[in-house]
Amino acid sequence: YERETPTGKKVNISILPNPSHLEAQNPVGQGMARALQQQDGEDRASTLVFNTHTDASFSGQGVIYETLGLSGLKSYNTGGTIHLLVNNQVGFTTDSESARTSPYVSDIAKSINAPVFHVNADDVEAVVFLCKLAADYRAMFRKDCFIDMLCYRKNGHNEMDQPSFTQPLMYEQIESKTPQLELYSNKLVQEGVVTRDDV
């Protein structure tokens with residue numbers, strides 16, 4: 001796609017298919033970016049890789065570690081990638097303490113000495129702020145950075161299964177939560193930014 005930004009600049013966007021949780025798109029995205037940068041005179045600022053991951057696949061798939069391990073090498077470097085970890089705290093139906101040794105899903109970022117920004121997904125403005133901060137960090141330092149967005153899955157692994165069979169306590173809490181859209185709408189109405197009719 002070619003999109004026009006609010007400032008009038010044109011930006012080309014390529015979205016890779018992600019066939020499953022296997023994270024196979026990670027090295028493909030890096031290779032595409034590297035090829036474009038090579039055609040563009042090795043300009044690392046001209047192309048940005050933005051990866052989204054889920055918590056269990058990020059910490060559980062070896063291709064992530066392999067891709068990160070190559071990220072700082074001269075022949076593979078793309079000037080940093082922004083990684084958004086959609087951390088719904090349940091991988092398939094496995095609790096985190098049964099899925100990985102480290103306490104944080106983002107701990108693999110330590111292997112390349114990259115910063116991790118943790119954020120509550122219920123705070124929409126904080127998520128937006130950290131995405132902008134990550135973009136600024138990447139632009140300034142040309143290194144990977146990570147946003148660990150703590151959230152939840154309302155309907156379980158494939159949006160159809162019954163997660164309360166395997167996580168009854170967690171899903172008892174989730175059932176009582178106010179949805180994000182309602183939380184943010186109420187905040188904007190209370191602040192006088194929009195009216196209820198606007199929402």
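These are my notebook entries on what I looked up in this structure.

**Entry 1: the model**

I am working with a predicted model. I keep that in mind for each entry below.

**Entry 2: the sheet**

I started with the strands. In which order do the 4 strands of the open sheet stand? I read the order as β3-β4-β8-β7, and the pairing is parallel. Next I looked at the edges. β3 and β7 (116-120) stand there, each with a single partner strand. One side of each is therefore left without a neighbour in the sheet.

How many bridges join β7 to β8? I found 5 bridges, and the two strands run parallel. β8 covers residues 145-150. One bridge I noted by name pairs Val116 with Phe146 in β8.

**Entry 3: helices on the sheet**

I turned to the helices. α1 lies across β3 and β4. It runs at about 175° to β3. Helix α4, residues 124-141, also packs on the sheet. Which strands does α4 touch? I listed β4, β7 and β8. The direction of α4 makes about 170° with that of β7.

**Entry 4: the largest pocket**

I looked for open space next. The largest pocket has a volume of about 800 Å³. It is lined by 22 residues. Closest to its centre are Asn12, Ile13, Ser14, Leu48 and Val49. I then asked where the lining comes from. β2 (10-12), α1 and β3 each give two or more residues. α1 gives the largest share, with 5 residues. By class, I noted 11 nonpolar, 9 polar and 2 charged residues in the lining of the largest pocket.

**Entry 5: the second largest pocket**

I moved on to the second largest pocket, with a volume of about 260 Å³. Its lining has 18 residues. Which of them are closest to the centre? I wrote down His21, Thr54, Ser57, Arg153 and His157. β3, α2 (55-60) and β5 each supply at least two residues of the lining. α2 gives the most, with 4 residues. By class, I noted 3 nonpolar, 12 polar and 3 charged residues in this lining.

**Entry 6: two residues with positive phi**

I checked backbone angles. Glu42 has a positive phi of about 65°, although it is not a glycine. I located Glu42 in the loop between α1 (25-39) and β3 (49-54). Is Glu42 buried, partly exposed or exposed? Its relative accessible area is 34%, so Glu42 is partly exposed.

Gln89 has a positive phi too, of about 70°, and is not a glycine either. I found Gln89 in the loop between β4 (81-87) and β5 (90-91). Gln89 counts as partly exposed because its relative accessibility is 36%.

**Entry 7: Asp95**

Last, I looked up Asp95. It sits in strand β6, residues 94-95. Its relative accessible area is 29%, so Asp95 is partly exposed.

How values were computed. Residues numbered from 1 in each chain as written. Predicted model: local features only at pLDDT ≥ 70, side-chain atom pairs only at ≥ 80, totals over all residues. Heavy atoms only, no water. Buried < 20%, exposed > 50% of the residue type's maximum accessible area, 1.4 Å probe, protein only. 1 Å grid on protein atoms, 1.4 Å probe; cavity = no way out; pocket = protein on both sides within 12 Å on 5 of 7 lines; lining within 4 Å. Points joined across faces, edges and corners; volume = space filled by probe spheres on them. Nonpolar A, V, L, I, M, F, W, Y, C, P; charged D, E, K, R; others polar. Pairing = 2+ DSSP bridges. Contact = heavy atoms within 4.5 Å. Axes fitted to C-alpha atoms, helices over the stretch in contact; angles between N-to-C directions.
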